[in-house]
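Take a look at the sequence and the structure below. A short report on them follows.

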Amino acid sequence: DTGVSQDPRHKITKRGQNVTFRCDPISEHNRLYWYRQTLGQGPEFLTYFQNEAQLEKSRLLSDRFSAERPKGSFSTLEIQRTEQGDSAMYLCASSPGQGKRNTIYFGEGSWLTVV
Amino acid sequence: ELKVEQNPLFLSMQEGKNYTIYCNYSTTSDRLYWYRQDPGKSLESLFVLLSNGAVKQEGRLMASLDTKARLSTLHITAAVHDLSATYFCAVDEGKIQGAQKLVFGQGTRLTINP
């Protein structure tokens, strides 16, 4: 069990560019979540996958954001035409199996700075 | 819409003292989580509280849940410097079938001075 892995850990990009983040959840965790955290705030839910199906999306996820989990394993979060307001830490999390009694494990996060 | 509020937001205390962080939430839920975050790091799970009256303890930290009052507390006993961090509570909004959708509080930044 190597934990939730995210890549890259840090990304600086110019406004208007596209960026993509990758998340590898804990092996055999079929639930995968993306959250966003800005400085001094708690994380905010963005989206949720059950295996390869995206079952929930937040209103925070504008049409510039897209997330995929094509084979039910790793996931990608792409931000198109980045804006300065997108600067944040993007956290991926996963949890196992059935029911709602499970701990959600977070990755180290991907820091995005839009200049 | 579920809202989660923590207080205090900032807490500076001396080693050896006891203190409590409070987490209030606005709508019914019976699943509450406490996480710890060190600067620049991700969130470390501390406790999962699943029912009214649940109490869990790990070392100098103890968490409890009162679902009727919509209140959870994180109690720190005889604080030590290593406990300095930001502590978040998070409540499951309960709107995703079969999974969790967490709404986080703003966090309590705890500094423990020697």
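Which residue in S5(B) stands opposite B:Trp34? B:Phe47 does.

## About the model

This is a predicted model: local features need pLDDT of at least 70, side-chain atom pairs count only at pLDDT 80 or more, and totals for chains, interfaces and linings use all residues. Residues are numbered from 1 along each chain as its sequence is written, chains are lettered from A and ligands numbered from 1 in the order in which they are written, and side-chain values use heavy atoms, with hydrogens and water left out.

## A hairpin in chain B

Helices (H or I, at least four residues) and strands (E, at least two) are DSSP runs, numbered from the N terminus. Two strands pair if DSSP finds at least two bridges between them. S4(B) and S5(B) pair in the antiparallel sense, over six bridges.

The two strands form a hairpin. Five residues lie between them. In the turn, B:Gly40 has a positive phi of about 75°.

## The five-stranded sheet of chain B

Chain B has an open sheet of five strands. Their order is S1-S3-S8-S7-S6, and the pairing is antiparallel. Strand S1 (4-7) and strand S6 (55-58) of chain B are the edge strands, each pairing on one side only. The twist averages 15° from one strand to the next. Axes here are lines fitted to C-alpha atoms, for helices over the stretch in contact, and angles run from 0 to 180 degrees between N-to-C directions.

Strand S3 (residues 19-25) and strand S8 (residues 71-76) of chain B run antiparallel and are joined by six bridges. B:Thr20 stands opposite B:His75 in S8(B). In a regular strand the side chains alternate between the two faces of the sheet.

## The four-stranded sheet of chain A

Chain A has an open sheet of four strands, in the order S1-S3-S8-S7, with antiparallel pairing. S1 and strand S7 (65-68) of chain A stand at the edges. Each has a single partner strand, so one side of each is left without a neighbour in the sheet. The twist averages 15° from one strand to the next.

S7(A) is joined by four bridges to strand S8 (residues 75-79) of chain A, and the two run antiparallel. The bridge partner of A:Glu68 in S8(A) is A:Thr76.

A cis peptide bond joins A:Asp7 and A:Pro8, with omega about -5°. A:Pro8 sits in the loop between strand S1 (5-7) and strand S2 (10-13) of chain A. In chain B, a cis peptide bond joins B:Asn7 and B:Pro8, with omega about -5°. B:Pro8 is in the loop between S1 and strand S2 (10-14) of chain B.

A:Glu28 is a residue other than glycine with a positive phi, near 75°. A:Glu28 is found in the loop between strand S3 (19-24) and strand S4 (31-37) of chain A.

## Where the chains meet

How many residues does each chain give to the contact? Chain B gives 23 residues and chain A gives 25 residues. Contact means heavy atoms within 4.5 Å. The area buried between the chains is about 2100 Å², and carbon and sulfur atoms give 53% of it. Buried area is the accessible area (1.4 Å probe) that two parts lose on being put together, summed over both. In chain B, the residues that lose the most area to chain A are B:Ser42, B:Ile96 and B:Gln100, together 25% of what that side buries.

## Salt bridges

A salt bridge is a side-chain nitrogen of Lys or Arg within 4 Å of a carboxyl oxygen of Asp or Glu. Over all chains, the search finds eight salt bridges. Across the interface of chain B and chain A there is one. A:Glu56 forms a salt bridge with B:Lys101, and their closest N and O atoms are 3.2 Å apart.

A:Arg9 forms a salt bridge with A:Glu108, with the closest N and O atoms 3.8 Å apart. A:Arg9 lies in the loop between S1 and S2 of chain A, and A:Glu108 in the loop between strand S10 (105-106) and strand S11 (110-114) of chain A, so the pair ties together parts that are 99 residues apart in sequence.
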